[in-house]
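Reader: I would like to learn how to read the packing of helices, the pairing of strands and the meeting of aromatic rings in a model. Could you take me through them one at a time?

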Amino acid sequence: MKLDAPRFHAAVLLLALAGSGCVASNAGIAAARDTVHRRSGLRVAGDESGDAARARKEILSRPLTADAAARLALLNSADVHAALAEVGVARAGLVTALRLPNPEVELAANFHPGEDSVDLDLDATIDVLDLLLVPLRASAATDDLDAAALEAASAVLGIAFRAKVAFFEYQAAEQMLELRKTVLYATSQSADLAGKLLEAGNVPELDALTERALFEESRIALTRAEERARAARERVNVALGLYGKEATAWRASDRLADPDAFEAPQLEPRALEASLQLAALRKRYAASAGRANLGWANGLLPRVGAGVGAEREDGEWGYGPRVAISVPLFYQGQGAVAAADAARAAAESRHAAVATTVRATARSLTFRLRAARESALFYKRTLLPLRDRILEESLRQYNAMNLPPFQVLSAKRDQVEAAEDYVELVREYWITRAQAELLMAGGLPEMRDEPFPSEGSGGEAGEESTGEEGH
């Protein structure tokens, strides 16, 4: 969207002659939509409300997936429209920068007592300096429009990937709810059995009370899991802009998939190169530099009004040029230049701060992505099969009357708890992967403060994964 420098001044003057109509109504917005599509493959809803409504209906008619959630967010979320509307403010600034100065017309009438004639003075002038500074104003405004388009694209990408993260959280919450129901069933059976054995005098009261406490704790845990699942669903509704019947009617696809072989090599340099926020700040810096130059020109150059004048005296008309000069004696634009310099310094400092954040986020995501995948694989290949074997062996020993029933139920609880840890690790993997994809697309996810799940298995997971990959 940036004009070539050699032709810029001539092009701006030609555009200025056409007025505000030369700036397309979707200037900047189209660029933001194109950036989102090129970076993520997702399309942002435009003015074709019929097409968007049909696509939205089609998505909601099927079980929702993470990718479908991202597409629906860009079709339906009011935050997307708000982000694109911000670009319109910058477009209006460009229209204003391309304006031609309005001519100033002065009319004077001189009446002479006792005479019927009236002397007339008519002057029409235009601010020449304002006209000559159109290229500088338009250059800064164009940089602002470019920056606004990049910022809007970054915001829209963030909306899409936050929808994916919310969906992953909902899938994990539903799986955890299923597991909590399994735990409740197991503890209920154990508590009932303990009560019957206590009545028969076969177990001490302490064992029965312990099993009853585990059952009650499982009931509370199930209630919490139900609340978390409901809250996670509402977060998906917010991300997708759904309410009413649509918010309760949609269905999710299958449970979270196992981690795949996704890799993000050289994430830090790739993220720095792709960052839309850094690109936008470079445009803001250029715009501020242009405004500083504009301020100096406005302050140091005299304002010149040039035009023509007509005078009627004694019934005779006379014509001639008119020139008015405003000398910059008391003010030379110091305020405008200082404001532009301060904005330029702020953009430079923010660029350094964002670059630091991008680097740190890339390093953090690289570690979390690898650790989550390796830990999840360790659980799937080693720990979950081990828990299954322990439960099978416990049942075999119980059938042989070598093991009390409580130990079998305890083995079942341990199996479910290991499955819960696995769900947490898979959830961590997919959320981290979505954030890495957002970073590579040019967005900037928030750094997460929550600890890595099942940190105690990290070393074993790394050894297991490394050992298998070595073969």
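Author: Let us begin with a convention: angles under 35 degrees count as roughly parallel, over 145 as roughly antiparallel, 65 to 115 as roughly perpendicular and the rest as oblique. The axes are lines fitted to C-alpha atoms, for helices over the stretch in contact, and the angles run from 0 to 180 degrees between N-to-C directions. This is a predicted model, in which local features need pLDDT of at least 70 and side-chain atom pairs count only at pLDDT 80 or more, while totals for chains, interfaces and linings use all residues. Residues are numbered from 1 along each chain as its sequence is written, and side-chain values use heavy atoms, with hydrogens and water left out.

Reader: At what angle do helix α11 and helix α12 pack?

Author: Two packed helices are described by the angle between their axes and the distance between the axes. Helices (H or I, at least four residues) and strands (E, at least two) are DSSP runs, numbered from the N terminus. Here α11 (residues 276-300) and α12 (residues 334-399) pack at about 165 degrees, with their axes 8 Å apart, and they are therefore roughly antiparallel to each other. The contact (heavy atoms within 4.5 Å) includes Leu281, Tyr285 and Trp296 of α11 and Val337, Arg344 and His351 of α12. By class, this contact of α11 with α12 has 13 nonpolar, four polar and seven charged residues, where Ala, Val, Leu, Ile, Met, Phe, Trp, Tyr, Cys and Pro count as nonpolar, Asp, Glu, Lys and Arg as charged, and the others, Gly among them, as polar.

Reader: How do α12 and α13 cross?

Author: The axes of α12 and α13 come within 8 Å and cross at roughly 160 degrees, and the two helices are therefore roughly antiparallel to each other. The residues of their contact divide into 23 nonpolar, six polar and ten charged. Helix α5 (residues 78-97) and α7 pack at about 175 degrees, with their axes 8 Å apart, which makes α5 roughly antiparallel to α7.

Reader: What is the order of the strands in the open sheet?

Author: Strands of a sheet pair through backbone hydrogen bonds, either parallel or antiparallel. Two strands pair if DSSP finds at least two bridges between them. In this model an open sheet of four strands has the order β1-β2-β3-β4, with antiparallel pairing, and its edge strands, β1 (104-111) and β4, each pair on one side only. Strand β2 (residues 118-127) and strand β3 (residues 303-313) are joined over eight bridges, and in β3 the bridge partner of Asp121 is Glu311, while that of Ile126 is Ala306. Eleven bridges join β3 to β4 (residues 316-326), with Arg303 opposite Ser326 in β4.

Reader: How many aromatic pairs does the structure hold?

Author: A pair of aromatic rings is described by the distance of the centres and the angle of the planes. Rings of Phe, Tyr and Trp (its six-membered ring) pair if their centres lie within 6.5 Å, and planes under 30 degrees apart count as stacked, over 60 as edge-to-face and the rest as tilted. The structure holds four such pairs. The rings of Phe168 and Trp430 have their centres 5.7 Å apart and their planes at 35 degrees, so the pair is tilted. This pair links distant parts of the chain, with Phe168 in helix α7 (residues 134-199) and Trp430 in helix α13 (residues 405-441), 262 residues apart.
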